[in-house]
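This report describes selected parts of one structure, beginning with a whole chain and ending with a sheet. Please look at the sequence and the model before reading on.

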Amino acid sequence: MTERILLKGNELLAEAAVRAGCRFYAGYPITPQNEIPEYMSWRLPQVGGVFIQAESELAAINMLFGASAAGARCMTSSSSPGISLKQEGISYIAAAELPCVIVNIQRGGPGLGNIRASQSDYFQAVKGGGHGDYRLIVLAPSTLQEAYELMMNAFDYADYWRNPAMILGDGILGQMAEPVEMKPYSPILNIPSKDYVLDGCKDRAPRVIKTLILKPELGLVTHNEQLQAKYRKIEQAVRLCEEYEVADADIIVSAYGIPGRIAKGAVKAARGKGIKAGLIRPISLWPFPKKAFLKAARTAKQFLVVEMSQGQFIEDVKLAIECKRPVEFLGKGGGWYPTQEVILEKIEQMLRYSKGAGQ
Amino acid sequence: MEFHRPETLYEAHTHYCPGCGHGITHRLVAEVIDELGVREKTIATAPVGCAVLFYDYMKFDIIECAHGRCPAVATGIKRMLPDRVVFTYQGDGDLAAIGTAETIHTANRGENITVIFINNAIYGMTGGQMAPTTMLGQYSTTTPKGRGKNAEGAPLRVCELLSSLDGVCYLERVAVSTPKDVIQAKRAIKKAFENQLADKGFSLVEVLSMCPTDWKLSPEEAVKFVNEEMKKVFPLGVFKDK
């Protein structure tokens, strides 16, 4: 029988990482993700791993750069302002094509913001964040069971694609507890051998990991083209989403992470009232599961986007459906979160307006 | 006595300016690595600055880091591979300005790594701006009237600063401006690596080095500048030896 335990989201993410073979963690305290470094500080030494409380987020992400170059499965975690600080290192790690996993338990922004849950780092996570043309594989769990599994998968994606992967959660996900089936780790991809690792040049030529490309003249152009070719392959291979009652839906509600879970409740309640509502909940935010949206746009009449930010995620939904249908918005940043009732009310309001327009 | 190229050096012409101290220091590091027989288990970091192309000259594994972050990257490598030889090679802007936090905390944790710190009191690669180690009154492209005590503050003395930290094992300031200095510099560099092999903790060698181009001096005048000006502000010697 699979072990079933009750853990806080943050602790669960840490435990999942250890079970997936993570052996190096560096991070800096910031609320609401402090249970991750706290858990790692005693858990990693139990399995021969290394925990470092770094002097800053910059130092932490650069420690990962080193640990990843040395061949370790490694991770860091933080919350919004701390993730901003990590962007320099993330750009270097992406440019050097090294694997690592970054957890962002988002809080309210901009600036110091507050410590309530938020999704306002969406653009930063899926559009780049640091300097240069690069991408992160971004995964957004909406339950702790899913968080446990995606955390493990994130290490496989990172190693397989030699690319940083991010778990984009929020303060609710990090702080809530629910029972989880602790399935044993089983890789979802065939991880190639790490032939880039810097471990001393015994019996081989010395290796260099670098991101400065001066020669040949267009060497950096070529490097960028190679990165883009890799990103296109990832886009073909990874497009995760949950679709619920989409086939005959007149109105598609879309949300990710915790609001995705709340939106599902609203869709169920709408169905209970005879409203043909459906849900598309992206699980991978980059790559974005465009096809599911485009397909739904052929039959659904309108879309509703729900997010805990001021209209970031909605841009990708509009792009995915190529603006073929009207898209309504329900969202606020700064610590607001939607309830099932508020979403249902919005759905009903949208239907009233569309019927009115048809008369 | 025959003069051989150390095995650790590739056969390459460096990109350094005539009279620059990097070439001498590179050679000293390479000789020490050869003598200790650790080339095949060495992993170094290349800095942002004039020595960014370190990997074009050194025959071992190297990772190029963001400006100032070498000690953090080296920490990650050394913690995962404690039986390898890990060292950083950094300039003054890298180590003592943008990377001051990483330097101090890596030293304070007592990470068992070696740091080779080139202090030439100027930013070389970007064209001669003020360094954290630029001396009072010294001209740079961003201190056109000379570095002032009130506006820019006095130069940072890294060995003195780090000497109060318990985690630090060994600190020595040397120069590469006279044959005698070069011999002493090699002794210090060797000791800094031997400390790591003996698991003794954080060792740093500060090397006073010439930058004729950005000092607007001839190579000969630059040597004189180190001997007559820099050594006054940055006295040579051992600051810590645990």
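A residue is buried if 20 or more other C-beta atoms lie within 10 Å of its own, exposed if 12 or fewer, and partly exposed in between, with C-beta atoms placed from the backbone. By this rule, buried residues make up 55% of the 242 residues in chain B. This is a predicted model: local features need pLDDT of at least 70, side-chain atom pairs count only at pLDDT 80 or more, and totals for chains, interfaces and linings use all residues. Residues are numbered from 1 along each chain as its sequence is written, and chains are lettered from A and ligands numbered from 1 in the order in which they are written.

The C-alpha atoms of chain B fill a box of roughly 50 × 45 × 30 Å along the principal axes.

In chain A, five strands form an open sheet with mixed pairing, in the order S10-S12-S11-S14-S15. Strands are DSSP runs of E with at least two residues, helices are runs of H or I with at least four, and both are numbered from the N terminus. Two strands pair if DSSP finds at least two bridges between them. S10 and S15 of chain A are the edge strands, each pairing on one side only.

Strands S11 and S14 of chain A pair in the parallel sense over four bridges. Ser254(A) has Val305(A) in S14(A) as its bridge partner.

| Strand of chain A | Residues |
|---|---|
| S10, edge strand | 241-244 |
| S11 | 251-254 |
| S14 | 302-307 |
| S15, edge strand | 327-331 |
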